[in-house]
Structure formats: C-alpha cells, structure tokens
Amino acid sequence: MLSNHQCTDCHHCTTRVFSIFHVLNIDETSYLQSQRTHILLKSGETLFHEGQYPSGFYIVTKGKIKISKTGIEGREQILRFAKEGNIVGYRISNDAYTCTATAITDLHLCFIKNEVVQHLFKKNPDLVFQFLRVLADDLKDSDSKLLHLSQKNVRERVAESLLLLSEIYGTEADGCTIDVVLKRDELAGIAGTIRETATRFLYEFKDAKLIELNGKKIKILDLEMLQKTANTAF
C-alpha cells in the first residue's frame, strides 16, 4: 500500500462531484483537502479486514473494490462492490469491521479520518443528509440480496449477478462486454454458490447464446433473455 501518492486537488476532483462530499462549500472543500491522505492499492491487495477497527472514511477515486464476508467453511460471500465516487469503510461507532475490502483493480482512494468527517457533519447538514442516503441505499441493497438468496434458485442468482455487474460497472465500448474482470469464484461469491456451480451455469448461458466468454471477460448477447433467466428486471 502506498500513501501520500499525488492526486488532483479536491476543488478540481471529478470524482468528488459523484460522492457525498459534493455538497461542501469552498472553505469546507479546502479543509477536506488539507486533511485527506491519498492511498494506492494494487489489484488483489486488501484495504481492511474483518475484525479490524476503523479510523475513517475511504473515497474511491479510481478503480473498483469488493466488500466481502467470510462464510461457512471459509467461503467468500461478496456483499457489494464500490467504484469511483463511492465511500467505503465508514463507521460512526467504534465497532470493528464485519467485512473485508479488497481491490479488484488497481485502486486509488482518499482517506479521511472520522474526526474530520464529524467536523464537516457539524458544519454542513447537507453532508449528513447525503450520508444518511448512503446508509439507506446500503440497507435496501442488503434487504434485496437477502431476499434473493433465500427465494431464488442458483441459476437465477448467477444470471442476476451478471446483470448486477453490468449495472454497477457498465460496459466497454461495444456496449455489451461487462467492464470488470472477476475470477469465477468471485462471481460465485456474488451469487452465493460455489465456483463449480457458477462456472457450469456460465457455460449453460454461453451455449444458449445469452453470453459470450472471452477469458475472464463476459459479453451479454441477449439482455432480455438474461433478465428472464434471472427472474428480474433491471
């Protein structure tokens, strides 16, 4: 992990306008800039672990990161992903992390200590509102994931995982290839299954001409049929 890596100043940061900190005024943004530390992670490196105690907020400025939890028999369950503009690792209480954050691409983040964020909360009520919206969205996503894991079969969950990745990370220039590279066991971690099962359904979808596999890249060929397979609508 490299810290204090050079990055653009907060006033001209294109990522900040997509984060909760876009509501800060000029003076508050200057204060944020004076207090933040820039961090660079290589793909596969861990930002924080389950059981580690938090000390601040991380803003993703470039790259992608997965938030996961260790389940039965040490199996990874991916809870969500974060990309540019998202905040991760946030805790208002002193409780330890219940999840692990790992870079899935080379990753740039800005770290802000809890006391700095709390100071900005007191100065700017709109920032508090933005943070509450993040909490509400995360709770909604957790409720939806719990429902899908309990009520959908594995085939539906694997198909839905592909749609989710496409929605979160978008597609490449062709408009069809999901703009993220994941290992098969990571895809299984999203769908709540094992690697072998996720791989089997991927090849079923490939044979049915729903997707195309090119190494670790996945191209969606028939979006409508994939949505029907997932028993959902995006």
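This is a predicted model: local features need pLDDT of at least 70, side-chain atom pairs count only at pLDDT 80 or more; totals for chains, interfaces and linings use all residues.
Residues are numbered from 1 along each chain as its sequence is written, and side-chain values use heavy atoms, with hydrogens and water left out.

Let me begin with helix α4, residues 154-169, and helix α7, residues 223-230. Helices here are DSSP runs of H or I with at least four residues, strands are runs of E with at least two, and both are numbered from the N terminus. The axes of α4 and α7 come within 7 Å and cross at roughly 135 degrees. The pair is therefore oblique. Axes are lines fitted to C-alpha atoms, for helices over the stretch in contact, and angles run from 0 to 180 degrees between N-to-C directions. Angles under 35 degrees count as roughly parallel, over 145 as roughly antiparallel, 65 to 115 as roughly perpendicular, and the rest as oblique. Arg155, Glu156, Ala159, Glu160, Leu162 and Leu163 of α4 meet Leu223, Leu226, Gln227, Thr229 and Ala230 of α7, where contact means heavy atoms within 4.5 Å.

I turn next to α4 and α5. Their axes lie 9 Å apart, at an angle of about 105 degrees, which means that α4 is roughly perpendicular to α5. On the α4 side, the contact is made by Arg157, Val158, Ser161, Leu162, Leu164 and Leu165, and on the α5 side by Leu187, Ile190 and Ala191.

Helix α5 also holds Glu186. Leaving aside residues up to four places away in sequence, Glu186 touches Lys66, Glu76, Ile78 and Ile104.

Finally, I come to helix α6, residues 195-207. Its 13 residues reach 18 Å from first C-alpha to last, close to the 18 Å expected at 1.5 Å a residue; the expected span is 1.5 Å times one less than the number of residues. Which residues of α6 are buried? They are Thr197, Ala198, Thr199, Phe201, Leu202 and Phe205. These buried residues pack against α4, α5, β10, β11 and α7. Just after α6, Lys209 takes a positive phi of about 65 degrees.

Note on methods. Buried means under 20% relative accessible area, exposed over 50%, partly exposed in between (1.4 Å probe, protein chains only).
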